[in-house]
Amino acid sequence: MSINVHHDTEQGCLTLHLGERFDFSIHRAFHDACLGDVTPARSYVLDLEQVTGMDSSALGMLMLLREHAGGDRAEIRIVNAGAELRNTLRIAGFDKLFTVH
């Protein structure tokens with residue numbers, strides 16, 4: 001389980017490319033990549049192209065990221081999510097908190 005991180009310092013955008021699973025197994029890596037002692041970026045992109053499943057801890061990590069990034073002012077885009085993941089996010093109401101593509 002891995003996360004590839006790209007930080008565009010010029011644009012202030014942190015992009016996370018997540019591996020096959022978005023679950024508790026990547027909690028530490030997710031935290032270190034975007035939540036730890038890191039100054040919040042201006043915007044975030046979570047690329048879920050390779051993700052085939054996620055659990056409730058993934059939803060919790062998204063909420064922690066949203067809080068870290070400024071709550072209602074946060075600019076967080078979730079991209080390349082498959083139909084099942086988009087449906088999960090919609091059912092959980094996350095499509096109202098995040099931009100989901």
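Two strands are taken to pair if DSSP finds at least two bridges between them. This criterion applies to the strand pairs in the legends below, which describe a predicted model.

**View 1. Parallel pairing of β4 and β6.** Strands β4 and β6 run parallel and are joined by four bridges. Strand β4 covers residues 43–47, and strand β6 covers residues 76–79. Strands of a sheet pair through backbone hydrogen bonds, in either a parallel or an antiparallel arrangement.

**View 2. The sheet as a whole.** The sheet is open and is formed by five strands, with mixed pairing. Their order across the sheet is β1-β2-β4-β6-β7. At the edges are β1 (3–8) and β7 (99–100), each of which pairs on one side only.

View 3. Strand β1 runs antiparallel to β2 (residues 13–18), and six bridges join the two. Within this part of the sheet, His6 stands opposite Thr15 in β2. Helix α1 (residues 27–34) packs on the sheet and touches β1, β2 and β4. The direction of helix α1 makes about 165° with that of β2.

View 4. Ile78 is found opposite Val100 in β7.

**View 5. Helix α2 on the sheet.** Helix α2, made of residues 56–68, lies across β4 and β6. Helix α2 runs at about 165° to β4.

View 6. Rolling a probe the size of a water molecule over the atoms shows where empty space is left. One cavity of 30 Å³ or more is found when the whole structure is searched. The largest cavity holds about 30 Å³ of space. Its lining consists of His7, Leu14, Val38, Thr39, Pro40, Ala41 and Tyr44. Sorted by class, the lining of the largest cavity comprises five nonpolar residues, two polar residues and no charged ones.

**View 7. Confidence of the prediction.** The average pLDDT of the protein is 94, and 99% of the residues score at least 70. Among the elements of the protein, β6 has the highest mean pLDDT, at 98. The lowest mean, 92, belongs to strand β5 (residues 53–54).

Technical notes: Residues numbered from 1 in each chain as written. Predicted model: local features only at pLDDT ≥ 70, side-chain atom pairs only at ≥ 80, totals over all residues. Heavy atoms only, no water. Contact = heavy atoms within 4.5 Å. Axes fitted to C-alpha atoms, helices over the stretch in contact; angles between N-to-C directions. 1 Å grid on protein atoms, 1.4 Å probe; cavity = no way out; pocket = protein on both sides within 12 Å on 5 of 7 lines; lining within 4 Å. Points joined across faces, edges and corners; volume = space filled by probe spheres on them. Nonpolar A, V, L, I, M, F, W, Y, C, P; charged D, E, K, R; others polar. pLDDT = per-residue confidence, 0-100.
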